[in-house]
Amino acid sequence: MRCCFSAHLPALAALSAFPGPCEVLRSGARLAPALLRSASAAVRRVRSWHPDDLTAVNLELVTLTEDTAVITWYTGIPGTDDGLGHPLPAITEGEVVYGTHPARLNRSASEGRATAHHQVELTGLEPGQTYYYQARSRGAAATPTPLHLVRGNAVGTSAFGLGSGGGPYSFTTPQPPPGRHLLSIALCNDLHLGETTAGLVGGIPLLRGVVQQPGRAPYPELMSRALVAEARRRGADLLLAGGDISAGGSAHDLGEARRILDGFGAHGEDYFVVRGNHDRSRDDAFRTTFQGGDGPGYFSRDLGGLRIIGLDTYAKSGNGADAGGLGAEQLAWFQGQLRQQPDQPTLVFGHHPLTVRDSLFPVTRGQCLERRQARALVDAYASAPGVFLHHAGHTHRNKRTVLTRAPHVTHQEVAAAKEYPGGFTLVRIHSGGYALNHFKAGDVAARQWSERSRRVAAGLWPHHALGRSVTDRNSVRAHDLSGVMALAGRE
């Protein structure tokens, strides 16, 4: 079963659908210079280094809520190479200094221990306030993850400080969702249990994939366990896993996934799972593992007034590289669900996205749901004002899209749990709206793998996976969710 990422590339897309010539030219113009730079870096001689040298790089404002901000970066030894064009780690203390004026960074936060993989959380922030900050490793200012290929911004909600070589950078905290907090739901996808190489694309030397370091735990298991722990720590009441739970649908890998997810709670009560194209197999081990062998792969659950609809977006035969499909029976069932109760607050999740916009890589039909069925879903949303969120995976990126024909629905693609940036998106549901916030897994070993796996696609992966802007992974929307009750015992 091929990796989802392979569908981004014209060399392998022939098995499903060729991207158009304009797509190839557009992406090629962006990617060729970067690939050449990567090739040059791979053969560049490593210079000598001094033990006190360090470089602070890959600064990212990952999470931004009304009162918190999570900031990550990496400290390395300049002139060294881990074999992937990435500097070896430099263990040091890091801190973030910040304030409400760029010349008065009079507050600070730190991790309290030395590390190369920094993750600092700013707390007690004021909603609607603009803050300025600088991240430092032993006094050296951290520089942002470059997103120039997509004209993105990894470090702030404005362009302040970009191009300065260390900031300070700026962000403005949002207002909280209106109303009382009711519950929180963790959205995740693409765990890929059983996978051994991230971003493996056969036949393209520069896209050779990234493997875990010897002696360390298999990265899909490591990242999945860290995800479950972090989701619980962040207050998730429910967890929705949106497909590609395994790398190839084997009973062993799906069984391991079940054991890991059971660490969050009871399947069918505390967490729910749908199937992705990687989860298909001849023995249908997914059905046995998660459905008990009976019933369809799609479902609807009412949880205190909140309707959760799970879709099987690859209910078809195929090699996994072609477009997703629901099948006529599932589509009719779904349309009937929304017609019966169009105003009920509803969250839909499935593996394949309905649309793929603003992709760095060439877009093929295999990246999303079959077009006619996707249009049918959007038409159903247009007549169902209760639907507020559609969660999808498959593209391995954070991307927020408001559906033009159903503007009350946010279409949220969530990055893969198994690799950079790693983690999940938390939906905080309030009576008058909701917030979407992406969190990286906080476990130290998970941070190490996340940093290593950013080298997927010859180091171009952050341009695709992180999100072009803070709002691609953190947003707030008003929506009438007053019909939802807080889950019993979880207020």
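Trainee: Which is the crossing of helix 2 and helix 3, left-handed or right-handed?

Mentor: The crossing of helix 2 and helix 3 is right-handed. The rule calls a crossing right-handed if the near helix is turned clockwise from the far one by less than a right angle, and left-handed if anticlockwise. Keep in mind that this is a predicted model, where local features need pLDDT of at least 70 and side-chain atom pairs count only at pLDDT 80 or more, while totals for chains, interfaces and linings use all residues. Residues are numbered from 1 along each chain as its sequence is written, and side-chain values use heavy atoms, leaving out hydrogens and water.

Trainee: What makes helix 2 roughly parallel to helix 3?

Mentor: Helix 2 (residues 219–233) packs on helix 3 (residues 251–261) at an angle of about 25 degrees, and the axes are 9 Å apart. Angles under 35 degrees count as roughly parallel, over 145 as roughly antiparallel, 65 to 115 as roughly perpendicular and the rest as oblique, so helix 2 comes out roughly parallel to helix 3. The axes are lines fitted to C-alpha atoms over the stretch in contact, with angles running from 0 to 180 degrees between N-to-C directions. The helices (H or I, at least four residues) and strands (E, at least two) are DSSP runs numbered from the N terminus.

Trainee: Which residues of helix 2 and helix 3 meet?

Mentor: From helix 2, Glu 221, Ser 224, Arg 225 and Val 228 meet Glu 256, Ile 260 and Leu 261 of helix 3, where contact means heavy atoms within 4.5 Å. By class that contact has three nonpolar, one polar and three charged residues. Here Ala, Val, Leu, Ile, Met, Phe, Trp, Tyr, Cys and Pro count as nonpolar, Asp, Glu, Lys and Arg as charged, and the others, Gly among them, as polar.

Trainee: How many cavities of 30 Å³ or more does the rule give?

Mentor: The count comes to three. On a 1 Å grid over the protein atoms alone, a cavity is a set of points where a 1.4 Å probe fits but cannot get out, a pocket is an open set with protein on both sides within 12 Å along at least five of seven lines, and lining residues have an atom within 4 Å of a point.

Trainee: How much space lies in the largest cavity, and what lines it?

Mentor: The largest cavity holds about 160 Å³, a volume being the space filled by probe spheres set on grid points joined across faces, edges and corners. Its lining has 18 residues, with Thr 72, Lys 440, Arg 447, Ser 450 and Glu 451 nearest the centre. Helix 7 gives the most to this lining, with four residues. The lining divides into six nonpolar, seven polar and five charged residues.

Trainee: And how much space lies in the second largest pocket?

Mentor: About 390 Å³. It is lined by 17 residues, and Leu 354, Thr 355, Val 356, Arg 371 and Ala 374 are the closest to its centre. That lining has nine nonpolar, three polar and five charged residues.

Trainee: Which residues are joined by a cis peptide bond with omega of about 10 degrees?

Mentor: Gly 167 and Pro 168, and Pro 168 lies in the loop between strand 7 (140–141) and strand 8 (169–172). Another cis peptide bond joins Tyr 420 and Pro 421, with omega of about -5 degrees.
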